[in-house]
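Please look over the sequence and structure below before reading on. The points that follow are short notes for a first reading.

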Amino acid sequence: MFYKSESGIWRAAPLDAFQWLEHGFGGRHANPPAHPLATLDQIHSAVVVCADARTGRIGPGDALVAGQPGVRIGVRTADCLPILLADPERRAIAAVHAGWRGTLLGVAVRAAEAMNRLYGSRPGSLHAAIGPGINACCFEVGPEVAAQFRNLLPERNDLDRKTRVDLAEANRRLLAAAGLSLKHIHGGAPCTCCGVEEFHSWRREGTSAGRMLSVVGIRA
Ligand SMILES: [Zn+2]
């Protein structure tokens, strides 16, 4: 479902069907076109900011929404999940930065709600692409973090100890509970932490890790 384009940018194949939409997930060696672009000072929150008619760093927060042609919005990640939302009915978009804190705060769902409020997007028409981030193979957390996933992953009986958590699955369930169709939630992106050649990884590289830019835009 995810593939690397010739330019080295990762893409979610189902989003390619929308001619009005442009999107891409950056890797270690390439980022999508980003001029002009609106981004945020990311703070691991569930704060959503509307980017219409604004570019540059437009505030603190972790999700951007937009509905104007010509707008591009982006998030920077290295292990956290970049989640891009697109509504083909109303031609509205969102770019979300979801680490474990943002996931627990429901930042992706807050973005979908803002799209509904601002642009009339129905959850049932939204597509979500959960891009390259740390997968369950590498995302080991201590009991103090694991325990916070009990509500989202109720079938797990090992969340009282050091264990691995699947952030993409947690986001998939949150988005489905918010009304997105499971067939519109596109996952299976590669793991940034295992993907030494392809991605930056905060967990693997520490504070020196670079960041990758993921961008979604509405063609002018
Ligand atoms: Zn991994």
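1. Ile185 sits in strand E14; strands here are DSSP runs of E with at least two residues, and helices are runs of H or I with at least four, both numbered from the N terminus. Ile185 counts as buried because it has 22 C-beta neighbours inside 10 Å. (Buried means 20 or more other C-beta atoms within 10 Å, exposed 12 or fewer, partly exposed in between, with C-beta atoms placed from the backbone.)

2. The model is predicted, so local features need pLDDT of at least 70 and side-chain atom pairs 80 or more, while totals for chains, interfaces and linings use all residues. Residues are numbered from 1 along each chain as its sequence is written.

3. Leaving aside residues up to four places away in sequence, Ile185 touches Ala128, Arg172, Leu175, Ala176 and Leu180. A contact requires C-beta atoms, placed from the backbone, within 7 Å. Cys138 is 47 residues from Ile185 along the chain, and their C-alpha atoms are 22 Å apart.

4. Which strands make up the open sheet, and in what order? There are six, ordered E5-E7-E10-E9-E11-E14, and the pairing is mixed. E5 (48-50) and E14 (185-186) are at the edges with a single partner strand each, so one side of each has no neighbour in the sheet. Two strands pair if DSSP finds at least two bridges between them.

5. E5 and E7 (residues 63-66) run parallel and are joined by three bridges. Val48 is opposite Ala63 in E7, and Cys50 is opposite Val65. On its other pairing, E7 is antiparallel to E10 over four bridges; there Leu64 has Ala95 as its bridge partner.

6. In a regular strand, side chains alternate between the two faces of the sheet. In E7, Ala63 and Val65 point one way, Leu64 and Ala66 the other, and all are buried.

7. Helix H2 (residues 107-119) lies across E5, E7, E9 (81-87) and E10 (92-98), at about 160° to E10. Axes are lines fitted to C-alpha atoms, for helices over the stretch in contact, with angles from 0 to 180 degrees between N-to-C directions.

8. How do the axes of H2 and H4 (residues 167-177) cross? They come within 9 Å and cross at roughly 30°, which makes the helices roughly parallel (angles under 35 degrees). Ala108, Val109 and Ala112 of H2 meet Asn171, Leu174 and Leu175 of H4.

Terms used
Contact = placed C-beta atoms within 7 Å. Parallel < 35°, antiparallel > 145°, perpendicular 65-115°, else oblique.
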